[in-house]
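The sequence and the model come first, and my entries follow.

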Amino acid sequence: VSLISISAGLEKAIIGQFSGLGTDKLVVQAAETGFGPPGSTAVKKLTEKDFNAIKKVKGVKLAAKRYIRTASLEYENQLNYMYSSTLPQDDSRQLVIDAMKLKTVQGRMLKKDDKYKVLIGNDLYSKEIFPKKIQVRDKVLINNIKFEVIGGLDKLGNPQFNNIFLLNEDVFKEILNIGDEIDIIIVQVSNTDEISAISKDIAKELRKSRNVVLGKEDFTIETPQQAISSLKTILNVIQAVIIGIAAISLVVGGIGIMNTMYT
């Protein structure tokens, strides 16, 4: 009973965290072809043309560009490779901050005009990943370019994001030599009741923009309902395994009691 209760609680907690991202947001990315951060390994990446096509779709309230790449971070003569990401420098900035639930517990949030400044994940300043903990105002090298740490993030729901560092979009594209490509596009819709219809309209516009036909799409659009459905499928498998363990425990316990009674 305890094991099954724990599994049910786990499902409720995870679905609750995931639902917190909002039911009014879509995630658009190019079809994957390998391992690596989302969108970064696609053969035909999303472009500014795709981004502009999405923004013109009726019902789209706001769209935000995201980049997630692996970059080097050097501190105290120790070099590590880890995920890095961006904050937009336009009106969509707050959309990304809200979607990721970003909150600083040390220092401050990145400002739009910050250039060689970096915001670090919770693990990077709270744990000794480097010879000593990184503090606000410390200097680090990102891809051999000096940056100042201006803040540390609170713990995030996704453990992977606690090991990430954030830069403003312009300097990120500069140091990683990123051209006309986008890894992920987050779309906020005006009316959640029409999210499925808006998703279909976005797909239609992207097919035109990317010159592909129906059924041959080289991009994906994920709605909150699809994401939660996939998550529930995984959680059901976990729950089945936990119930199996509980059943084994009952059998072992029953045999033990039976032996004692026979004795």
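Is D114 buried or exposed? I found that D114 is buried, with a relative accessible area of 10%, where buried means under 20% relative accessible area, exposed over 50%, and partly exposed in between (1.4 Å probe, protein chains only).

Before going on, I noted that this is a predicted model, in which local features need pLDDT of at least 70 and side-chain atom pairs count only at pLDDT 80 or more, while totals for chains, interfaces and linings use all residues. Residues are numbered from 1 along each chain as its sequence is written, and side-chain values use heavy atoms, with hydrogens and water left out.

**Entry: around D114.** I placed D114 in the loop between β5 (104-107) and β6 (117-120); helices (H or I, at least four residues) and strands (E, at least two) are DSSP runs, numbered from the N terminus. A polar atom of the D114 side chain lies 2.8 Å from the backbone nitrogen of K111. Leaving aside neighbours within four places in sequence, I listed R108, M109 and N168 as in contact with D114, contact meaning heavy atoms within 4.5 Å.

**Entry: strand β8.** I then asked how β8 is enclosed, and found that seven of its nine residues are buried, so β8 is largely enclosed by the rest of the structure. Two strands pair if DSSP finds at least two bridges between them. β5 and β8 run antiparallel and are joined by three bridges, whereas β6 pairs with β8 in the parallel sense over four bridges. G151 of β8 is the bridge partner of G107, and G151 is also the bridge partner of L119. β7 runs antiparallel to β8, with four bridges between them, and K139 stands opposite E148 in β8.

**Entry: positive phi.** I saw that β7 and β8 form a hairpin with two residues between them, and that N143 in the turn has a positive phi of about 50°. N144, in the loop between β7 (139-142) and β8 (145-153), has a positive phi of about 70° although it is not a glycine. I also looked up N211, which is in the loop between α6 (195-210) and β11 (219-222) and has a positive phi of about 60°, again without being a glycine. N144 counts as exposed at 66% relative accessibility, and N211 is exposed with a relative accessible area of 69%.

**Entry: V237.** Finally I checked V237, which is found in helix α7, and noted that V237 is exposed, with a relative accessible area of 53%.

Note on methods: A polar contact is a pair of N or O atoms within 3.5 Å; within protein, one must be able to donate a hydrogen and the other to accept it, and residues adjacent in sequence count only if both atoms are side-chain atoms.
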